[in-house]
Each structure stands twice: as structure tokens, then as C-alpha cells.
Amino acid sequence: MEAWDERSCFETMDPIRASVATISDKGYAGQREDVSGPLLVRLLQDLGAEVVEQTVVPDEQEAIVHLLTTWLDRASEESSLDAALDLIVTTGGTGVTPRDVTPEATKSIIELEVPGLSEALRFTGYGKTPLAVISRGVAGICGRTLIINLPGSPSAVRDGMETLAPILPHVIRMIRGQDTEHHHALNSSAFDERRAVLSVEEAQEAILSTVEVLGVERVPLLAAVGRVLAETVSADRNIPPMTNAAMDGYAVRGTEVARGALHLRVVGHVAAGHEAGVVIGPGEAVRIMTGAPIPAGADTVVRFEDTRMEDDHITVFEPPLPGENVRQAGEDVQAGEQVLEQGTLLRPQEIGMLAAVGRTEVAVFRRPRVAILGTGDEVVSPAETPGPSQIRDANSYAVAAQVQRWGGVAMVLGVARDQEELVRQGIRQALELQADFIITSGGVSVGDFDLVKQVMDAEGEMRFWSLNMKPGRPMAFGAVGGIPLLGLPGNPVAAMISAELYARPALLKMQGHADWSLPAVRARLTHSIERKDGRRHYLRVALRETSSGYEAMLTGDQGSGILKSMVQADGLAVIPETARKLPAGSEVEVILLH
């Protein structure tokens, strides 16, 4: 390291904080001494970096992803702005054997690939040995942390760090936002105009401005529950159609009873659904049931419990006011009156009103047909047994369930492997099925196999693909064949939260809803929260109602791949972009998930 003169570059900036991971089955099992990890630590320290953690994990994609997300989330959630994790360097697992999965694990984490760094490492390595060309290590950025994969041999580590030493200080300054003079050194796609980082509201507005209310269809009455009315409905008759009894009792002349005529002769009986067939004269009453028409001459009903029957007479001992216990014809709805407006959400009470005015079917706005396509070589159907480097397709089914919950018709298309033509075929299948909206998961970052954006560019239009939020920063939106396409991140939590924020309002608008705001409550945090990256965070929380309001408790690990954190959550605590530290007891908005 004495030949290096880059230490001065490190010393002219705030200390670089780094973590180091050795990826090795035998090293993890203690069957082989880890030489490369400690060497990497020493090389970084010689450059003036502060190595905060070093560990060994097996050659298992799930274990590597868990380690990387744990480090990234810990840095984001527990560190101050001045103690950010700038760099993660891995060594090992970059070759071509079935157990070499470090690149795949890293690609699933990073939001922005920097291929120039990995290409430089391969070029340098090739000068030492031709076998360097088979190294598949990647380099990229997640949040404000640079992640680099190095090969596993000590010589490759030393050569790799010698190559990186002149570059690292400058790259990290750029990631920190401290140096933009030489931006051409990074992957140019990072500066594509569509890479402009949008706020949540800007992205929502962009998507909502693209979608339109769908057409109209007529459906049977009970099929209209939860749908939006597409016509104005008026009453065909009075409701109730005639003046009738509101109580079981006796129909009487109200003014007569009010003047003290409390001993009356019962001259008939009227049941609901039957004509009265009798006229009440002075000193008379008619036994009447609720809903039965009021006989001619009567205008008031005395309740049974306010009378005493003796032979064919009643004695009224609690006289009502004139007109009491009677429902007037048309007092609910009058013939010709408009009872429901276009745009009304049809709840059970609206369905009841439609039935009351004689409707057996009704015009509603059509439900959007939503095609859902998973992507990735590592993703298999839930019915399959995954291989060592594979996972089951949770995303498609979670998002499909969300779509159905929001009123859409979900069409799960399966998984497209990491080949551009297969992704293209999946999207074409969605168009052939006459989808109104397409949702994909995975393939929207900037890795070699992030193909959804490429297909959107080739087949249609991509409008944006980077958001100022966590989880879910990489999310693509555009259109193919004139149909909106929302490309969700590949991690399940990020996919579900992004769908909640962006697919939900779009699908509600398409169905004619005027209100697509998210249901939310205010709650007090039970733990302090620290953030350093200037992004809006959505934390999974369980809610507990107390005498003074709701409390919000984190549901454990907040990594974007931890689906259990969603299973245990009642809502999403919204941590604003400007909040660097929220002490326990701080009140935040919590978006409800049920």
C-alpha cells in the first residue's frame, strides 16, 4: 500500500465509513480461514476509511440480501447524518459456479448500477490473469451507499483495491452530493432526464393525469355493490306510496282524542299490504299494523301499549298528539325526485334505494382489467419448489389481491425470465388480453437484467423511474400500446407500498371514484426514528388504541424484502423528507392498510 498516493484524497473529505463482507461457505462454516476479508479491512483502513463492520456469510442469495439490507437499514434508521454508511465491499461469490450468487443478491438491492467500476476491475484483473473475464461482480448505489463486489482471492482483493483507490473518494463525494464536476465518470443513464427524482405527490399527479374514467356497463343490482353509479336515478313513485301507520296500534281521529274522547269503539282491522276498507267516524278506532294504510277519517295512531281493550272498545290512557305515529305518503321520496347522482359510490344503502325505486340493474363504470407480470430468473410460481437461488412469486399475488380489493379485475400472467424478448412477450400478452392497466414487478432499476424500462422504451414510452421515497425508489411509469404501465420494484414490501401509493388512486379514478385519498389516522411513535437520506419513509407499524389516541410500534426489521413486516402491520407511518430525527412520542400520519 505504500505505493498508493490516494490516502491524501481520502483525508481531504469526511471519513468514509465502510462495511466488509466475505461471501464463502467454507469461511462461514469455519473450514477455511478468511484471509480476504481482513485484508480488505486493512487496505481500506490504510486509505483512511473507517471500517464499522466485517463479517462472513455463506454463498446463499437470501443470506447475502439479508446482510446487505440489514446494514443499509441500520445505517438509515440508527445513524446520524454524520455517520452514514458510505461503502459496502464484498469479496467472493462472483464466479460462474452454481453457488456464486453475490452479483444476483447485490442487483436485487441496488437502485443504480455503476458498470464502469466493475468493468475497470475486470480490465485490471485481466492484466493479471485471463480468468478475470469470468468475474461477474457488480457495483451500484442504494440510497447513499456504494456497494462493490470483488472476487474472493487475496490477490484479486489487493488488485481491485489498487484500481479503486483513485476513484472511490470522488465517487463517494458525488453520492454525498459534495462533488458534481466529473459526473461523466458514472453511468450516463443516471443522468437521463427521466431519472429526475420525483416526490410522491408529483408521481401520483403524473400517473393520475394519464388515466381516464373507463366506459359504462349495466350490471345486476347486487353486482353493483362497491361500484360507482354511471347514471342519474329518479323515483318512479312516492315512497311510501300512501299514508301509513308507523306503529302497531289503533288508527283514530287525533283532534278527537286530544279533546278527551278516550273511550272508543273498535270498528275494524287493517294489515300491512291490504286496503283499509273502512271509514272511521266519531268515537271510533281501527286496529292497525305497521305499514298498513291509514283509514279514511283517521290521522293518528295510538300505540297498543298506551291502550286497554275491553270487549269491542279501547280506553286510551296515554293520548298521542294529532298526526303522531303516522308516515305521510311521499315523505321519504316523491315521484320524479332524483334519488342518486352519477358518481355515487354504491353502498348497501344505495342498493336498497335502487331496489325501492324499481331498479333490478344499473349502469356503473367498468372495472379496470389489470394485467400483472412478474419478472426475474430467480422468481418461480408458488406451486413450484424453488431452487437454491430462487424465490416464489409473492409479488404478483400480493399485488393482484390489492387490485381486487380496489375493485379491479386482476389477471396474473406469471413470470417473464430475464430476457428482453420474454418480457416483451409478457407485455404483449397483456395487450392481447385487453388490459386497461399493466403492472410489472422487478426489472426497473439499472442492472444488466432490469429489462422492463428497456421494453417500455422500445415498445412505448417511459415517463419517469425514480422517486424520493423508501422503500420503492426505483419505480417506472409509462405506456405501451397506449396502455399505462406501472413498473414496481422487485422487493415485495416495496412493490406493495408502491402499489398502494400509485396503483390504487389510478384504478379508483378509472372506476369513476372522485375520492382516492388514503385512509389515515394520527399516531404517536413508541420508538425514536432517525433518517439521513432526505427521502420520505414509509415504516410498517402496528397500531394500539389508548385512552389518549393511537400508538404506532415498528413491526421489526424494516427491510424492503421483509414481507413479514407487512403481515404484522396495521399501517404505514409516514416519515417526512425533512425529518432527521423524531423522538419517541412524536405524532405522525399512519396510512391504514385495512
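Modeller: Let us start with a rule: two strands pair if DSSP finds at least two bridges between them. Strands are DSSP runs of E with at least two residues, helices are runs of H or I with at least four residues, and both are numbered from the N terminus. The model here is predicted, so local features need pLDDT of at least 70 and side-chain atom pairs count only at pLDDT 80 or more, while totals for chains, interfaces and linings use all residues. Residues are numbered from 1 along each chain as its sequence is written, and side-chain values use heavy atoms, with hydrogens and water left out.

Biologist: Thanks! Which strand does β14 join through four bridges?

Modeller: Strands of a sheet pair through backbone hydrogen bonds, either parallel or antiparallel. Here β14 is joined by four bridges to β15 (residues 313–316), and the two run antiparallel. For one of the partners, look at Met-309, which is bridged to Ile-314 in β15.

Biologist: What is the strand order in the open sheet?

Modeller: Its six strands follow the order β13-β10-β12-β11-β15-β14, with mixed pairing. Both β13 (300–303) and β14 (307–310) are edge strands with a single partner strand each, so one side of each has no neighbour in the sheet. From one strand to the next, the twist averages 40° (axes are lines fitted to C-alpha atoms, for helices over the stretch in contact, and angles run from 0 to 180 degrees between N-to-C directions).

Biologist: How many aromatic pairs are there?

Modeller: Rings of Phe, Tyr and Trp (its six-membered ring) pair if their centres lie within 6.5 Å; planes under 30 degrees apart are stacked, over 60 edge-to-face, and the rest tilted. The count comes to two aromatic pairs. In one of them, Tyr-250 and Phe-304 have ring centres 5.2 Å apart and planes at 75°, so the pair is edge-to-face. This pair links distant parts of the chain, 54 residues apart: Tyr-250 is in strand β10 (residues 249–252) and Phe-304 in the loop between β13 and β14.

Biologist: Is Tyr-250 buried or exposed?

Modeller: Buried means under 20% relative accessible area, exposed over 50%, and partly exposed in between (1.4 Å probe, protein chains only). Tyr-250 is buried at 3%, whereas Phe-304 is partly exposed at 23%.

Biologist: With which side chain does the side chain of Ser-560 make a polar contact?

Modeller: A polar contact is a pair of N or O atoms within 3.5 Å; within protein, one must be able to donate a hydrogen and the other to accept it, and residues adjacent in sequence count only if both atoms are side-chain atoms. The partner is the side chain of Asn-491, at 3.1 Å. Ser-560 is buried at 17%, and Asn-491 is buried at 18%.
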